Amino acid sequence: MNRVARLLLVALVGGLGMLACGAAPASAHAGLVRTSPVQGSVVQSAPTEVDVTFSEHVTPVTGKVKVISPQSTDIANGQVTVAGRVLHIPVRSDVPRGTYLVSYRVISADSHPVGAGFSYSVGAPSSTGSALTDAGRTDRAVAIAVSAAQYVGYAGLVLIAGPALMLFALWPQRLSRTGPTRLAYLGIGLAWLATVLELHLQVPYSNGGGLFSTSAHDLADVLGSRYGVLHLVRLGILLLAAFLLGPHLAGHGGKVRRTLLVILGIVGVATWGISGHPGASSAPALTVISDVAHLTSAAIWLGGLVVLLGFLLRKANTRELGAILPIWSNWATMAVAVLVLAGTAQALVEIGDVNSLLHTTYGQLVLLKVGLLILVLAVAALSRRLAARKPGQQTARRLRQTVLAEMVGIVVILGLASALVQTAPGRTVTTAAQQAAGPYSVTLTTKLYQVQIDIDPAKTGDNELHLFAYTPQGAPLKVVEWRGSAALPAQNVEPISISLLPLTDSHATGQIALPTAGSWQFSFTLRTSDIDEATVSTTVKIT
């Protein structure tokens, strides 16, 4: 194995290593916004429906949405439906008191699974009859395999674009076309294999099973989804491209054939974006177009470097290199410019703001990717300076070194790009966190009573409070006097009195204006007779 091959192998392993690090077992791409009943709350009347609200539209996974009773039975009653961003789970209302466990697994709009669970109690908390099911789990081997398949698909795209472009425009007539032609067909084979693997892996990725937990029904569901249809379209395009590409690679493809190849190429590349993050963004037209430009420019840049390093710098003579290198340098500059502009447009939409850039995994991976890209661009600038010189043995040797360094860097960047596919976009994480900040609900218990406290929206500014009092056994309780206060000790804000107005014997409401964010301490005193009273306290994070 020569030095070039060894270095490329190291870069490949490094890229795959990033996939292993970046592929989390369960990456939520649709954020949880709220639940009803509120997570951890105690309700006195059993609900007839459990609602889970997400940051985007979701599709439930068959058999993976359950509501488990304290007796370990599933009380889900009827078909789970989705309306907008809300998952509706009908449940039986004739159920005993105790704590219920809700477990769900859904597919977000960008084709990635979201799974988790929460609990609520009817009447009073109890021990649970069953732990949450594993609906939220994604097998780590499956997550890594999904990223690896994406990586192989990117590699195939690179090996198609580079030889096709270089053989069409920059290949010397005296040189054999066999090597680049084989490389292009290898690219088609890799892209086709990656697409088939992604279709297969989407089944266990969706249902949370192992690598080979695939049933005919689950596969039919995947093939009928937008993700499946787009991958079938990509397979068809690759087969048609393999048929049309032959004459083009041989140097005698006509204008019509080349036009068809360009159209097929654009549509094929678009299937990556439409079936992933770009297709589910807040501005899908912008992000899909940006993704097509981003992938195409990266494939042209890296694919051209592969042909340049693997063939032209070794086989072309000085006169030929003198004609080829300046043109390639201009092409590479244009590809890099498009790459940066398209990547910036995508990042602005997918990340959203500086906070998401700095404090989410997606944003941090993007920063790492940008840092590596800057280093690669510095090496690319050196390559362009060398390409502008008069070709010679020493110049060619140094150019091979810089081109190899560019390739190694881009291969690692492709690994990061594949890891990003498995990571929730910064906009999703931040938006879900902001929306999930309110309302706040908690049930606190004393020997005298239980009190359910609702604070809406649990943010700075005006907040509305509702208090519901119950006996320890769960019956409505008459309260003689309600008192409340809120303080922020960390910022030396003394207790602010809350005026509470009784609406019924067991229900009071009030309002309070909270001037600043932080962990506020709420205290409530309920007097149930002339001599009986008790105080409860809770800490609420106000955003």
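Helices α2, α5, α6 and α7 each supply at least two residues of the lining of the second largest pocket, in a predicted model where local features need pLDDT of at least 70, side-chain atom pairs count only at pLDDT 80 or more, and totals for chains, interfaces and linings use all residues. Residues are numbered from 1 along each chain as its sequence is written, and side-chain values use heavy atoms, with hydrogens and water left out. The protein has 12 helices and 18 strands, these being DSSP runs numbered from the N terminus, with helices (H or I) of at least four residues and strands (E) of at least two.

**The second largest pocket**

- A pocket is defined on a 1 Å grid over the protein atoms alone, as an open set of points with protein on both sides within 12 Å along at least five of seven lines, whereas a cavity is a set of points where a 1.4 Å probe fits but cannot get out; lining residues have an atom within 4 Å of a point.
- The second largest pocket has a volume of about 800 Å³, where volume is the space filled by probe spheres set on the grid points, which are joined across faces, edges and corners.
- Of the 27 residues in the lining of this pocket, Ile160, Ala161, Leu261, Val262 and Gly265 lie nearest its centre, and the largest share of the lining, 9 residues, comes from α6.
- The lining of the second largest pocket comprises 21 nonpolar, 4 polar and 2 charged residues, with Ala, Val, Leu, Ile, Met, Phe, Trp, Tyr, Cys and Pro counted as nonpolar, Asp, Glu, Lys and Arg as charged, and the others, Gly among them, as polar.

**Leu261**

- Leu261 belongs to helix α6 (residues 255-274) and counts as buried because its relative accessibility is 15%, buried meaning under 20% relative accessible area, exposed over 50% and partly exposed in between (1.4 Å probe, protein chains only).
- When neighbours within four places in sequence are left aside, Leu261 is in contact (heavy atoms within 4.5 Å) with Ala241, Leu244, Leu245 and His248.
- Leu261 and His248 are separated by 13 residues in sequence and by 9.3 Å in space, C-alpha to C-alpha.

**Cavities**

- The count comes to 2 cavities of 30 Å³ or more, and the largest cavity has a volume of about 90 Å³.
- The largest cavity is lined by 14 residues, of which Trp328, Ala332, Ser383, Arg384 and Glu406 are the closest to its centre.
- Helices α7 (284-315), α8 (318-351), α10 (361-388) and α11 (393-421) each supply at least two residues of the lining of the largest cavity, and that lining divides into 10 nonpolar, 2 polar and 2 charged residues.
- The second largest cavity holds about 40 Å³ of space and is lined by Tyr154, Leu157, Val158, Leu295, Ala298, Ala299 and Leu414, a lining with 7 nonpolar, no polar and no charged residues.
- Both α2 (140-169) and α7 supply at least two residues of the lining of the second largest cavity.

**Nonpolar cores**

- A nonpolar core is a set of buried Ala, Val, Leu, Ile, Met, Phe, Trp, Tyr and Cys residues joined through side-chain atoms within 4.5 Å.
- The largest nonpolar core has 65 residues, and those with the most contacts inside it are Trp301, Leu308, Trp328 and Val403.
- Two or more residues of this core come from each of α2, α3 (178-207), α5 (226-250), α6, α7, α8, α10 and α11, and α7 gives the most, with 14 residues.
- Val403 touches Leu305, Leu308, Leu309, Leu313 and Ser383, not counting residues up to four places away in sequence.
- A second, separate core of 28 residues includes Leu467, Leu500, Phe524 and Ile542.

**Backbone features in loops**

- The peptide bond from Ser36 to Pro37 is cis, with omega near 5°, and Pro37 lies in the loop between β1 (32-36) and β2 (42-43).
- The peptide bond from Asp456 to Pro457 is likewise cis, with omega near 10°, and Pro457 is found in the loop between β11 (450-456) and β12 (461-470).
- Ser72, in the loop between β5 (66-68) and β6 (81-83), has a positive phi of about 70° although it is not a glycine.
- Asn492, in the loop between β13 (481-488) and β14 (493-498), has a positive phi of about 60° although it is not a glycine, and Asn492 counts as exposed because its relative accessibility is 66%.
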